[in-house]
Structures are given as C-alpha cells and as structure tokens.
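Q: I am new to reading protein models. Could you walk me through one, feature by feature?

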Amino acid sequence: MMPLPALPKRYHPASIWALYAVGLLPAVWTFYLGATGQLIGNPVKIFEHLLGEWALRFLILTLLISPIRDVLGINWVRYRRALGLLAFWYVTMHFLAYMVLDKRLAIDVIVEDVFKRWFITIGMAGFVLLIPLALTSNRWSIRRLGPGWNKLHRLIYPIAAAGALHYCLSVKVIGPEQLIYAGLVALLIGWRLVRPRYMEWKRAARAGGARVGSPRQQTE
Ligand code: HEM
C-alpha cells in the first residue's frame, strides 16, 4: 500500500488546532440555525439530537486512532486527545441542551429521568465517566498518574458502549443508523480484545521476515 505523505512536524500543532476548530463547526452552525429560527420542526430536539450524534461520532473516531496505527501503520495518535475532548464537549453540550432547553432546569424532572428512564441513566453514566478522562487529558496528569493513566483512559471503551446503548434505547424502533453506530462501537471493542494477539502475531511475523531476509540466512 502507498504510504500517506507525512505532515511535516512543524505543522502538527497547527493541524491539531485546526481539528478543534473544524470539530466545533457542526455545533456552531446548528446553534446559528437555531438562533436565527432556521431549524424547522422541533429546534430543541434537533439541537439535542445533533449534539448527541456528534458526541458519539467523536467517541468512535477517538477509538479508531489505535487500530489505524496498528493495522495501517498511520500514526495519528497526536489527534487522539483533541478527538476525545471534542467528544466530551459535545456530550456536555448535549447534556446542557437537555437540562436547559428541553427540561428548562426542572431539577425534579431531570432527577426522575436519570433514575427512572433507563436510556438516560446509561447516558448519564457515560457522561460521568467521561469527566475524569477529560480532566486528565493533559501532560501533567500523564506524568502524575504514570501507568494508572492508561488504565483510567481505557474507560473510553465502556463509555462508547454506554453512548451507543443509550442511542439504541432512546428510540422506539432501532433503525439502520443506531445499528451502524452500535456495530462500529462493538467492532472497536472487539478489536481492543484481540489486539494483544494481533500485535504478538505481527511482531513474530516481522521477526521471522527479518531472519529470512538477513544476509547470514541467505548465505547459509
Ligand atoms: C456518552 C454520553 C452520551 C452520548 C454519546 C449521547 C448520545 C446520544 C445520541 C446519539 C442520541 C440520539 C439522538 C436522537 O436521535 O435524538 C441521544 C439522545 C438523547 N440523549 Fe444522549 N448521549 C449521552 C449522554 C446523555 C446524557 C447525560 C443525557 C441527559 C441526562 C442525555 C439525554 C438524551 C436525551 C433526552 C435524548 C433523546 C432526545 C430525543 O428525545 O430525541 N444524553 N443521545
């Protein structure tokens, strides 16, 4: 396979900021449409829906970074933090849209929803788990937490599962859209489970190839 042209290192920080800017565009655009009365139908629901879907998309993109590196050899790890934080900001906005625009800060109704409506309980669990990940997405926390940081950030898998399940349970009839998101999340969790074996196999294949290709082997 033709390798992708590598982005010169000096452009890496700018490309990460560009990702933040592009990633926030759907929210800004829909907010603009809502504020100018151009969201036809139920603007609050459309806004809530859009923010929830983008949260799930960014969670999936965050999980994709590792298989893309392992299987295709493309290292986009530098974008993972931005993608994870974008997912967090979209979930936060989705939650705020629900609290402020949908429920008009009726705390009793919100508390009842969180404890009585399963899909909201699951969404809330995903959101709460995402908070420590967002708070520790910085170099200082990586240094402070050491190996514990990796363990903590593995929570992204159950969080994505909670997001996909929450989406499936939020509708009366599960359609192709929900199935696609849930299927992608299931595939990525499956990948995480088989990854250690795949990496072992890849290492063994590389070591075997190197041995076959070594000058000593060829002359023997
Ligand atoms: C990881 C966290 C979450 C993700 C990824 C997520 C994602 C989604 C998605 C994709 C939808 C479907 C959009 C639609 O078709 O309407 C949805 C719906 C919904 N979510 Fe979330 N959500 C999360 C957390 C939350 C939280 C914390 C709340 C509130 C406590 C919440 C409240 C809702 C509500 C009320 C709906 C239904 C909107 C409607 O009636 O159409 N979500 N969410």
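Predicted model: local features only at pLDDT ≥ 70, side-chain atom pairs only at ≥ 80, totals over all residues.

Q: How far does a polar side-chain atom of H94 lie from a nitrogen atom of the ligand?

A: A polar contact is a pair of N or O atoms within 3.5 Å; within protein, one must be able to donate a hydrogen and the other to accept it, and residues adjacent in sequence count only if both atoms are side-chain atoms. Here, a polar side-chain atom of H94 is 2.7 Å from a nitrogen atom of the ligand.

Q: Which residues coordinate the iron atom of the ligand?

A: Look for donors, meaning N, O and S atoms within 2.8 Å of the metal (3.2 Å for Na, K and Ca); water is not among the atoms, so sites may look incomplete. In this model H94 (NE2) and H166 (NE2) coordinate the iron atom at 2.0 Å. H94 belongs to helix 3 (residues 80-102) and H166 to helix 8 (residues 156-169), so the pair ties together parts that are 72 residues apart in sequence. Helices (H or I, at least four residues) are DSSP runs, numbered from the N terminus.

Q: Why is the arrangement around the iron atom octahedral?

A: Six donors count as octahedral if opposite donors are over 155 degrees apart and all others between 65 and 115. The six donor atoms around the iron atom subtend angles of 86 to 179°, which makes the arrangement octahedral.

Q: Is H166 buried or exposed?

A: Buried means under 20% relative accessible area, exposed over 50%, and partly exposed in between (1.4 Å probe, protein chains only). H166 has 18% relative accessibility, so H166 counts as buried.

Q: What about T30, and which residues does T30 touch?

A: T30 sits in helix 1 (residues 12-35) and, at 5% relative accessibility, counts as buried. Contact means heavy atoms within 4.5 Å. Not counting residues up to four places away in sequence, T30 touches L39, F47 and L50. The T30 side chain also reaches the backbone oxygen of P26 at 2.6 Å.

Note on methods. Residues numbered from 1 in each chain as written. Heavy atoms only, no water. Tetrahedral: all angles 85-135°; square planar, octahedral: opposite > 155°, others 65-115°. Helix = DSSP H or I, 4+ residues; strand = E, 2+ residues; numbered from the N terminus.
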